[in-house]
Amino acid sequence: MSVLISVFVGLHIIGIAALLGGFLGQMKAMGTGTARFTPGMLHGALTMLLTGMVLVGLREMDGGSLHHVKIGVKLAVLFVVLALVYVKRDEERVEKALFGAVGGLTVANIFIALLWH
């Protein structure tokens, strides 16, 4: 079971990398007001959602303890990110504040995972 959990943690990290990498790759464009949400950012957020749900299920099946409030907060933050990226995915330009919010919430979600015990 631990190998399976590790595989899904790796996939979860790949999703984070796709979302955050897409954001960081658009930082220069954000400065000029031409940033847009890339398909990789949407796919990264979806990957995070699916692998996160699988990880919760695997941890429950394995008998591990879970901090359900932490998971709920992370899920809520991810839903906001996913909704923003999904709704604005076809627009040529996304407002700086909205684009920055997605990056900030993604980084916040990473630190919630790492620091909330």
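Okay, let's start with Met 48, which sits in helix H3. Keep in mind that this is a predicted model.

So, is Met 48 buried or exposed? Its relative accessible area is 5%, and the cut-off for buried is under 20%, so Met 48 counts as buried. What does Met 48 touch, once we skip residues up to four places away in sequence? The list is His 12, Gly 15, Ile 16, Leu 19, Leu 78 and Asn 109. For a sense of distance, go 20 residues along the chain to His 68: the C-alpha atoms of Met 48 and His 68 are 17 Å apart.

Asn 109 is one of the buried residues in H5, along with Leu 98, Phe 99, Val 102, Gly 103, Thr 106 and Ile 112. If you look at that spacing, remember that an α-helix has 3.6 residues a turn, so residues three or four places apart point the same way. And what covers the buried residues of H5? The cover includes H1 (2-25), H2 (27-32), H3 (39-62) and H4 (68-87).

Now the largest pocket. There's about 750 Å³ of space in there, and H1, H3, H4 and H5 each give two or more residues to the lining. H3 gives the most, with seven. In total 25 residues line the pocket, and His 12, which we met as a contact of Met 48, is among those nearest the centre, together with Leu 55, Ile 71, Lys 74 and Ala 113. By type, the lining has 16 nonpolar residues, six polar and three charged.

Notes: Residues numbered from 1 in each chain as written. Predicted model: local features only at pLDDT ≥ 70, side-chain atom pairs only at ≥ 80, totals over all residues. Heavy atoms only, no water. Buried < 20%, exposed > 50% of the residue type's maximum accessible area, 1.4 Å probe, protein only. Helix = DSSP H or I, 4+ residues; strand = E, 2+ residues; numbered from the N terminus. Contact = heavy atoms within 4.5 Å. 1 Å grid on protein atoms, 1.4 Å probe; cavity = no way out; pocket = protein on both sides within 12 Å on 5 of 7 lines; lining within 4 Å. Points joined across faces, edges and corners; volume = space filled by probe spheres on them. Nonpolar A, V, L, I, M, F, W, Y, C, P; charged D, E, K, R; others polar.
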